[in-house]
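Hi everyone, thanks for coming.

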Amino acid sequence: MNALLARFGRKSKPKNDDSYYTAGQFALIKARFKRKTSGVVAAWILGTLVLMGFFAPFFSPVDPTIRGADADYRRGAPQVLYFWDDNGFSLRPFTYTYTKEKPKLDLSALAGGNLNALDALTSGNALKASSQNKFTVDKEQRRYIQFFVKGWEYSLIDLSVAGLDLDIRWDRHLFGVEQGQIHLMGTDEDGKDVFSRTLHAIWVTISIAIVALIVKLFTSLLVGGVSGYFGGRIDAILMSITEAVRVIPAIPIYLACAVALSQMDLTPIQRYFAIAVVIGALDFAALGRRLRTHILTERNQDYVLAAQLCGSGAGRIIWRHLIPSFTSYIIVDTLINFPYVILAETSLSFLGLGLTEPVNSLGVLLQKAQDPDIQQNMIWQFFPVAVFVFLIMAFVFVGDALRDAADPYSEKK
Amino acid sequence: MIAESISNFFADSWLLWILLSIGSLLWWSGRDSQYFNYVFNRFVLALITLLIVSGIVFSLMEVLPGDCAEKYIAYKNTQGETITQADIDAERARMGLDQPLAIRWASWVTDLTLRGDLGFSCAKRQSVNLALGDRFWMSFMFCMAGLVFSYLIAVPFGILSAFTINKTWTDKNPQHSKTERIINSIGLSCQKVLDLVLRIVSYLGLALPNFLLALTIILLYVFAGESMPTGLYSDEWRNVPWFGTDGFSWGKLDDFLGHIWLPIFVIGWSATALQLQTVRALVVDESNKLYVDAARARGVDGVALWAGYPVRHSISPLFNSVGFDFQRVFNDLPIVAIVIGLTDAAALLIEALAMTNDQELAAGILFLVALVVISMNFFTDVVLAAIDPRVRKSVLGN
Amino acid sequence: MMINQSMNNKLLEIRDLTIDFNTDEGLVRAVNNVNLTVRPGEVMGLVGESGSGKSVTAKTIMRLTPGNAVIQHPSQISLQHENRDLNILKLRGRDLRLVRGDAVSMIFQEPMASFAPALRISDQMIQTMQIHLGYSKDQARHRGIELFERVGIVDPEKRFDQYVFELSGGMRQRAMIAMALSTEPKLLIADEPTTALDVTIQAQVLDLMLELREQMGMAMIFITHDLGVVSKIADNVTVMKKGEVVEAGTAERVLFRPEHSYTKRLLDALPHLEDLPEAPKHTPDPLLSVKDLSITYPLAGNGRKTEYFTAVKNISLDLPEGQVIGLVGESGSGKTTLGKAMLGAAPISSGQVEYFHTKKEVKFGAGMKIKRKRLAQTAQLVFQDPYSSLNPRMTVRDIIAEPLEAMKITKTREETDARVIEVAKRCHIEVEHLRRFPHAFSGGQRQRISIARALVCNPKFIVADESVAALDVSIQAEILKLLKELKEELGLTILFISHDLSVIANLCDRVCVMKHGEFVEEGTVREIFLEPKQAYTQKLIASIPLLEAPDKTRLRTGAQVAAEPVMESF
């Protein structure tokens with residue numbers, strides 16, 4: 001249906017504008033991309049997820065760290081939004097007040113050293129996982145959703161890491177409730193809000209992927225560029241090393257490096273970067289090889305010879321002619337590789353060698369999902385899994401469409 | 001006495017002789033045959049790559065903490081002996097661990113090329129070859145089965161996807177009558193929707209982390225109240241011999257198949273996405289070529305056209321990538337193996353890397369995987385050069 | 001009797017054919033209201049330049065239009081088959097085989113690309129015969145070898161089982177013809193069948209097609225842009241331009257009494273051996289001289305000993321200043337390598353190149369380093385392929401300014417821009433187009449950009465390497481005119497490399513002929529074209545497809561004499 005609409009939309013566009021003629025490669029890729037309906041839909045989903053991840057503090061109603069944990073609502077189920085109930089209709093969505101039943105523990109008896117009390121405690125239902133999820137809903141006490149509520153302070157854009165003195169702080173959040181907290185997707189065993197954690201995790205994971213891909217790009221460019229441009233013996237040596245790296249399975253290598261990292265005394269931030277760098281640096285084989293082939297073919301193109309005959313030196317040819325010729329290719333390849341890098345990060349986290357609690361990364365949250373307790377009693381903690389699946393699928397579909405749309409100069413007619 | 005030392009000598013260096021004789025045989029045949037000359041070059045290249053792989057793997061293992069001497073002494077420590085730093089150093093010297101990396105690597109490679117000896121695992125206190133036993137073959141078979149599974153899905157679906165890629169949702173050809181247009185539009189829409197669904201399903205394999213997938217399936221079994229399909233056999237069949245008193249034990253086979261489908265399915269599904277994309281791209285590429293139009297102009301149509309032209313011409317590049325596909329599948333196997341509770345080489349690899357820091361064992365397994373990939377690449381290259389005229393033209397130059 | 005039969009028989013009739021293409025910029029009309037009739041046994045020459053819709057029309061007859069083509073109402077194509085009129089556009093499913101191989105078959109321009117690379121020619125041909133004639137495998141094989149022999153392939157049994165890349169260019173086209181004839185079609189569509197071939201081979205293939213047509217008596221639609229070729233083979237000619245038929249009639253009328261200005265323009269582009277340009281009275285001093293130049297390439301490493309290929313063997317040559325010198329040869333003659341060597345773009349293994357009358361000495365050769373900047377300001381290249389020679393990621397302004405910026409000839413951006421605009425105007429490029437990217441331009445415009453880039457640093461010498469080969473005849477004429485103009489105004493010396501003798505005849509003062517890396521003959525245009533001395537040159541000159549008088553055509557092809565009077569009675 002969308003394809004149909006898009007088609008009609010295109011027809012009505014004026015034909016005589018100059019944009020096609022002055023359009024560079026990215027404009028052409030964009031035009032072709034727009035024709036792929038599934039890619040466009042996926043791109044919108046992806047864009048929304050990434051945006052929500054980037055401004056996670058704004059979109060999340062609750063502080064995802066232990067500071068914001070709701071001690072009174074641990075292991076709490078998701079709180080549903082309503083527009084109406086028996087008490088009437090409300091344009092403003094609301095939820096109810098949920099309260100946990102406090103397990104009735106006779107601690108005084110325990111303190112007195114009464115072993116029977118301890119027995120009763122352990123054999124009774126009070127400590128059983130499923131019973132801990134019990135809560136009561138007070139339907140009389142509505143909690144109305146408020147928009148742009150004041151909450152904990154966070155930095156919206158923080159460029160102080162990059163050496164700039166720019167740290168925009170804000171304390172407004174897209175939505176929240178007047179008193180207490182709202183847990184759209186429930187809470188975990190510490191009372192941390194699953195929804196907020198997931199939003200924060202998206203950006204952590206994507207930023208790891210970005211760092212990894214930048215490192216990867218750098219190593220690939222170095223290997224591929226040197227190999228392709230100089231050729232000969234250097235090319236032969238570099239390519240046989242690349243070939244060797246390519247045949248060794250990557251995840252075990254990441255593992256070995258992660259084990260080595262775990263021996264070092266690193267802060268979570270350092271660890272985070274170290275893992276990204278390891279994932280990126282060891283993944284140069286495929287892209288490096290392709291860049292080399294690309295440079296080799298591109299180097300024999302007539303326009304490079306033309307530049308040589310025009311008196312351009314090697315540096316100018318590389319900078320002005322060769323590098324622009326594969327920027328679009330590199331960007332497309334990078335986007336296509338996003339899901340694989342994210343998967344590598346989650347695999348490491350799964351084995352406990354990537355990021356670990358209390359950091360919010362999708363890998364960490366996914367790792368929790370394998371806990372039988374969560375699987376049986378806190379199914380809402382699978383929310384990050386759903387987000388993860390959506391994220392990866394969106395990336396793959398965008399990648400597919402981009403691959404089809406890439407290199408607008410490929411069809412010579 | 002002499003005969004015995006000679007036989008010892010050969011027993012200690014059998015692998016080298018095999019390699020040398022294959023090499024010289026190829027070299028000899030390559031004197032006046034371009035094809036065998038190519039095979040010989042490819043063989044030498046494969047050996048060089050293996051050598052580099054061994055270097056990378058060996059030096060990578062250096063980053064794992066601890067070394068053999070420490071582990072050995074630590075073991076003794078549990079036996080109640082008191083240990084000093086001097087003891088560790090002495091042990092190191094005895095094991096040759098005080099030598100520089102290059103020398104230790106050289107001796108490891110020498111042992112390997114002479115006898116196929118992968119070294120000694122300290123954590124297991126037995127030779128790596130023994131520790132692995134046929135577990136490596138088990139992993140190999142899992143990967144191959146997973147690969148076959150992913151090809152079985154990816155190839156037909158990829159072709160279908162390529163078939164629909166440039167089609168429109170509706171038929172607006174003014175030459176068709178109204179009813180024809182409606183029927184065609186329905187057909188086209190069905191194809192497009194089918195393609196979309198198939199793509200979503202196969203990409204789900206990538207998007208669902210395989211450990212979660214395996215866990216979820218196991219969970220479903222738990223909820224259904226059935227026994228979990230973990231491991232290779234269930235308890236009752238574990239110790240039953242394959243060939244019992246009353247012939248072949250079909251029950252065991254049944255039980256075995258009931259267990260192994262899970263890892264194969266999980267790793268196969270996650271490999272499907274990339275395969276599908278590859279097949280799709282290859283077939284689309286080929287179907288845009290002029291010879292397909294020329295075949296159409298000769299009256300070749302329908303299945304004969306697709307199977308005989310674009311698909312047939314995409315097979316070689318697909319076949320060529322089998323080695324790397326294997327590597328990619330093996331990448332996923334360790335984690336799945338841990339979740340499912342397999343005891344194959346992949347699970348051993350995780351154990352060696354993350355738990356016991358057993359450098360020798362890990363290096364041995366990684367090297368074997370690389371060996372399989374390199375041999376597959378060698379094999380596919382050689383076969384393709386023999387059967388595909390395009391490859392033959394590009395590598396032999398005629 | 002015969003005449004009556006042909007009167008009633010229209011083998012193929014195209015009526016009001018209108019085809020649109022569904023593109024990014026909306027519907028684009030490719031073919032507009034085309035009417036065309038082909039009678040049994042007639043050869044219809046379909047002439048036009050690229051984008052004229054001639055190929056699309058031909059493909060529509062076989063229902064091979066690309067997916068985004070829309071055939072509009074009330075187009076109609078009918079084919080006379082077994083005494084029934086069939087509407088081709090209404091054929092569905094299996095019935096399509098009737099126009100795909102059965103009654104109609106096609107010869108493509110590029111034989112290399114139209115055979116599947118990984119299938120033997122025999123398999124593809126046998127498959128075709130099995131589909132249409134229901135032959136058994138042995139029968140088809142037997143027939144295939146017979147056909148191979150008939151189209152003049154040496155050693156047909158061996159060739160039949162080879163792959164397409166194992167055959168030479170001429171052989172490939174012969175195999176393609178054999179394939180097209182294998183189903184004994186009534187109508188053969190030949191889409192530029194000789195364009196990709198060398199002149200001598202083109203002549204052979206044309207002769208073969210004439211001969212086969214005489215023997216088999218099928219009708220033919222012969223698509224080409226070359227009126228010389230058409231005059232050799234066609235009975236009737238239809239000229240198309242931008243999707244419309246501009247002129248149609250008998251070959252004699254269209255070629256010798258053209259009415260439409262476009263046809264006249266096409267005819268003007270043909271060589272006229274009667275009025276070749278007069279050679280200049282005296283030969284000026286040489287601008288550059290090439291001494292004992294040899295160029296050797298190592299062949300891609302296979303086998304244990306490296307083999308070498310000598311592209312240019314020991315050539316000495318003086319190029320007189322201010323003239324246009326043509327360098328002629330067939331593919332593989334080393335003419336491009338020689339041209340590139342003069343610009344220092346090919347590895348010289350022995351000999352040297354020296355330029356005279358330059359500000360600073362420009363001299364290079366084996367063992368001598370090239371002073372790239374000096375050379376670049378003295379000599380420049382205009383490439384063959386206007387598509388790959390312009391960086392698609394740079395604007396036209398940046399492309400033209402490249403030499404100025406790379407060698408820092410101009411000091412400021414304003415100076416560069418002024419110079420670029422000056423050169424662009426001289427090459428008839430509109431100034432507002434300088435902001436655009438090359439993909440927005442057609443081949444001819446791109447070639448102008450390429451020329452502007454070569455001229456921007458005021459060189460004295462230009463090598464034009466097949467610079468008009470990829471262009472249409474009318475565009476060719478414009479570019480050639482531009483080159484002539486530039487020669488006159490700037491006193492340029494141009495080395496014009498081409499395989500197309502007609503272009504050379506129209507443009508050059510002197511001609512050099514090369515074969516297999518060696519010089520064959522050199523002289524003024526008149527000497528070479530009118531009194532060639534060497535056997536090879538004579539063969540080359542004889543192969544030029546010139547306009548042929550109609551009575552000669554009639555003598556050659558007796559078969560269509562019957563059809564001729566019919567046309568006239570219309």
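**Two helices in chain A**

Let's start with a pair of helices: α15(A) and α18(A) run roughly antiparallel to each other, because the angle between them, about 155 degrees, is over the 145 that counts as the cut-off. Before I go on, please keep in mind that this is a predicted model.

How far apart are the axes of α15(A) and α18(A)? They are 9 Å apart.

Let's step back to the whole of chain A. How many helices and strands does it have? The count is 18 helices and four strands. Chain A has 413 residues, and 39% of them count as buried. If we take the contacts in chain A with a separation of 6 or more, 73% of them link residues 24 or more positions apart.

**Where chain A touches chain B**

Next, the contact between these two chains. Chain A puts in 39 residues and chain B puts in 38 residues. On the chain A side, the elements giving two or more residues are α1 (2-11), α10 (232-247), α11 (250-263), α15 (314-350) and α18 (383-405). By class, the side of chain A that touches chain B has 29 nonpolar, seven polar and three charged residues.

Let's zoom in on α11(A). It packs against helix α16 (residues 345-355) of chain B at an angle of about 20 degrees, and their axes are 9 Å apart. Are the two parallel or antiparallel? That angle makes α11(A) roughly parallel to α16(B). Here the crossing is right-handed, as α11(A) passes α16(B). Pro252(A), Leu255(A), Ala256(A) and Val259(A) of α11(A) make the contact with Leu349(B), Leu353(B) and Ala354(B) of α16(B). By class, that gives seven nonpolar, no polar and no charged residues.

**A sheet in chain C**

Finally, over to chain C. Here an open sheet of six strands runs in the order β7-β8-β9-β3-β10-β11, with mixed pairing. Which strands lie at the edges? They are β7 (104-107) and β11 (244-250) of chain C, each pairing on one side only. From one strand to the next, the twist averages 15 degrees. Strand β10 (residues 236-241) of chain C pairs with β11(C) in the antiparallel sense over six bridges, and Met240(C) stands opposite Val245(C) in β11(C).

One last stop is Met220(C), in strand β9 (residues 219-224) of chain C. Is Met220(C) buried or exposed? Met220(C) is buried, because 26 other C-beta atoms lie within 10 Å and the cut-off is 20 or more. Leaving aside neighbours within four places in sequence, Met220(C) is in contact with Val43(C), Leu188(C), Ala190(C) and Arg213(C).

Terms used:
Residues numbered from 1 in each chain as written. Chains lettered and ligands numbered in written order. Predicted model: local features only at pLDDT ≥ 70, side-chain atom pairs only at ≥ 80, totals over all residues. Buried ≥ 20, exposed ≤ 12 C-beta atoms within 10 Å, placed from the backbone. Contact = placed C-beta atoms within 7 Å. Nonpolar A, V, L, I, M, F, W, Y, C, P; charged D, E, K, R; others polar. Pairing = 2+ DSSP bridges. Axes fitted to C-alpha atoms, helices over the stretch in contact; angles between N-to-C directions. Parallel < 35°, antiparallel > 145°, perpendicular 65-115°, else oblique. Left-handed = near helix turned anticlockwise from the far one by under 90°.
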